[in-house]
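Let's take a friendly look at a protein and its ligand. Have the sequence and the 3D view ready as you read.

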Amino acid sequence: MKLPQPKFEGEVSLEKTVKQRRTIRSFRSQPLTLAQYSQLLWAAQGVTDDRGWKRAAPSAGALYPMDIYAVVGQDGVESLREGIYHYAPSDHAVSLVSDGDFRNKLAAASLSQMWMAAAPLNIVITAEYERIAVKYGRRGERYAMMESGHIAQNIFLQSEALGLGAGIVGAFDDEAVNRLMKIPQSHQPLLILPVGYKK
Ligand SMILES: Cc1cc2nc3c(=O)[nH]c(=O)nc-3n(C[C@H](O)[C@H](O)[C@H](O)COP(=O)(O)O)c2cc1C
């Protein structure tokens, strides 16, 4: 499913988003719009250069070993059914991986941080180390972890700019997250960002 075009100008200054950013752990049940959803995925890994290659966050050797998955809750995003979606940067589109509301299971797999389940959207950042090991060997793992931090900060700041808030979760059971999300075993989850309207 093709997403709406992201906007390249907002109403809040970058400085304000940096000043305001906090880890948010309490969300209203209000759904996000499809435009907000599109904007958040674009800020995470959208293609930002005219040649269609480079992306919103830096990547060692421009090898882009990361994937973005969106865990959308019931009534989490307007006009989108609940499920787990995979983001395709080159098409700015999402495809459904699994049907259903997986937020409770995701929170349970994250050391039972059940506050995550109240967020309409949880963005999962994964790395496929093989894509970067080709050039950097074991050091590629370190680079992928750094890259996930860049992506996370983009999601944080974009959330603030949209009047939303984001949390960040690194404490989860990798195997359990992979299993419940039905993502390839080669995709290692590194960070989860719950996003929604702040309570
Ligand atoms: C790599 C990483 C992992 C984190 N994991 C969690 C987590 O599992 N649960 C949680 O509630 N907060 C988590 N946090 C958020 C930190 O607790 C938070 O960033 C810190 O308290 C500073 O607060 P601030 O982000 O509001 O400035 C994580 C932060 C980072 C950078």
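## Around the ligand

A polar contact is a pair of N or O atoms within 3.5 Å. Keep in mind that this is a predicted model. A nitrogen atom of the ligand lies 3.0 Å from a polar backbone atom of Gly-170, and an oxygen atom of the ligand is 3.2 Å from a polar backbone atom of Ala-171. The protein covers 54% of the 620 Å² of accessible area that the ligand has on its own.

Which residues surround the ligand? Among them are Arg-22, Gln-113, Trp-115, Ile-168 and Leu-191. Sorted by class, the shell holds five nonpolar, three polar and three charged residues.

Find Arg-21 next. An N or O atom in the side chain of Arg-21 is 2.8 Å from an oxygen atom of the ligand. The charged end of Arg-21 also sits over the ring of Phe-156, 4.7 Å from the ring's centre.

## Aromatic pairs

How many aromatic pairs does a search of the whole structure find? There are three. In one of them, the rings of Phe-8 and Trp-42 have centres 5.5 Å apart and planes at 45°, so the pair is tilted. Phe-8 belongs to the segment before α1 and Trp-42 to helix α2, so this pair ties together parts that are 34 residues apart in sequence. Phe-8 is exposed, with a relative accessible area of 61%, whereas Trp-42 is buried at 16%.

Now turn to Trp-53 and Tyr-64. Their ring centres are 5.8 Å apart and their planes are at 80°, so the pair is edge-to-face. Tyr-64 is buried, because its relative accessible area is 6% and buried means under 20%.

Technical notes
Residues are numbered from 1 along each chain as its sequence is written. This is a predicted model: local features need pLDDT of at least 70, side-chain atom pairs count only at pLDDT 80 or more; totals for chains, interfaces and linings use all residues. Side-chain values use heavy atoms; hydrogens and water are left out. A residue is near a molecule or strand if one of its heavy atoms lies within 4 Å of it. A polar contact is a pair of N or O atoms within 3.5 Å; within protein, one must be able to donate a hydrogen and the other to accept it, and residues adjacent in sequence count only if both atoms are side-chain atoms. Accessible areas come from the Shrake-Rupley method with a 1.4 Å probe; for residues, only the protein chains shown count as cover. Ala, Val, Leu, Ile, Met, Phe, Trp, Tyr, Cys and Pro count as nonpolar, Asp, Glu, Lys and Arg as charged, and the others, Gly among them, as polar. Rings of Phe, Tyr and Trp (its six-membered ring) pair if their centres lie within 6.5 Å; planes under 30 degrees apart count as stacked, over 60 as edge-to-face and the rest as tilted. Helices (H or I, at least four residues) and strands (E, at least two) are DSSP runs, numbered from the N terminus. Buried means under 20% relative accessible area, exposed over 50%, partly exposed in between (1.4 Å probe, protein chains only). A charge sits over a ring if NZ of Lys or CZ of Arg is within 6 Å of the ring centre and within 35 degrees of the ring normal.
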